[in-house]
Amino acid sequence: PLTRDLFDAATPELQAASFVITGVEDLHAIERVRNIVSRLPEGEDWDTAKGEIIDELTQWLDNDEEAERRAEPPLRSHGFAAYPVMNYRELEEQRDIFTWRKYQTAQDERVRGSHAALDGVIAPADSPFWKTHTPPWEFGCRCDVIGLTDDDVEAIRFDLARRDEIAPAPLY
């Protein structure tokens with residue numbers, strides 16, 4: 001367990017890899033909650049997982065309402081982070097088919113500026129870019145990567161070229 005000051009001082013990479021439940025200092029309890037969250041990508045029902053986490057946290061927090069409020073963040077941050085990790089593994093297994101990748105944010109008002117700037121970036125699957133920008137690459141990252149085939153990328157290029165013919169980009 002870390003104090004908030006130590007967590008805030010950690011690098012973004014360490015923060016992204018951390019499992020955080022404020023108010024709980026028992027590593028075994030945190031591990032049990034982490035194990036519940038880890039079942040989400042395998043098909044665990046969200047409400048069932050949340051109920052189990054609430055049951056686990058109730059003994060450490062003042063009341064049921066507080067336990068319910070604190071059950072949601074680990075589910076959201078770590079549960080949602082598990083999906084792009086599993087997606088990345090699948091893309092790696094199918095790299096011969098999906099030779100390109102496209103970065104995609106959650107496309108809402110909570111997306112960080114540094115992540116929003118990457119929305120729509122397309123690069124080859126073996127590009128060094130993906131070593132540092134495969135989600136989740138910062139704490140709370142909700143971005144994802146979409147696999148694209150050579151034909152997909154060619155269609156995107158064609159569409160962009162066609163748009164330039166209709167409305168050419170301004171010259172500066």
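Reply: Start at histidine 115, which sits in helix α6, residues 113-116. Bear in mind that this is a predicted model. Is histidine 115 buried or exposed? Its relative accessible area is 2%. The cut-off for buried is under 20%, so histidine 115 is buried.

Next, its neighbours. Leaving aside residues up to four places away in sequence, histidine 115 touches Tyr103, Thr105, Trp137, Glu138, Cys141 and Cys143.

Now glycine 140. This residue lies in the loop between α7 (129-133) and β3 (144-148). Along the chain, glycine 140 and valine 153 are 13 residues apart. Their C-alpha atoms are separated by 29 Å.

Last, a helix pair. Helix α3 spans residues 27-37 and helix α4 spans residues 46-58. Their axes come within 9 Å and cross at roughly 175°. Angles over 145 degrees count as roughly antiparallel, so α3 is roughly antiparallel to α4. Which residues make the contact? From α3 come Ala29, Arg32, Val33, Ile36 and Val37. From α4 come Ala49, Glu52, Ile53, Glu56 and Leu57. By class, the contact of α3 with α4 has seven nonpolar and three charged residues, with no polar ones.

Definitions and conventions
Residues numbered from 1 in each chain as written. Predicted model: local features only at pLDDT ≥ 70, side-chain atom pairs only at ≥ 80, totals over all residues. Heavy atoms only, no water. Helix = DSSP H or I, 4+ residues; strand = E, 2+ residues; numbered from the N terminus. Buried < 20%, exposed > 50% of the residue type's maximum accessible area, 1.4 Å probe, protein only. Contact = heavy atoms within 4.5 Å. Axes fitted to C-alpha atoms, helices over the stretch in contact; angles between N-to-C directions. Parallel < 35°, antiparallel > 145°, perpendicular 65-115°, else oblique. Nonpolar A, V, L, I, M, F, W, Y, C, P; charged D, E, K, R; others polar.
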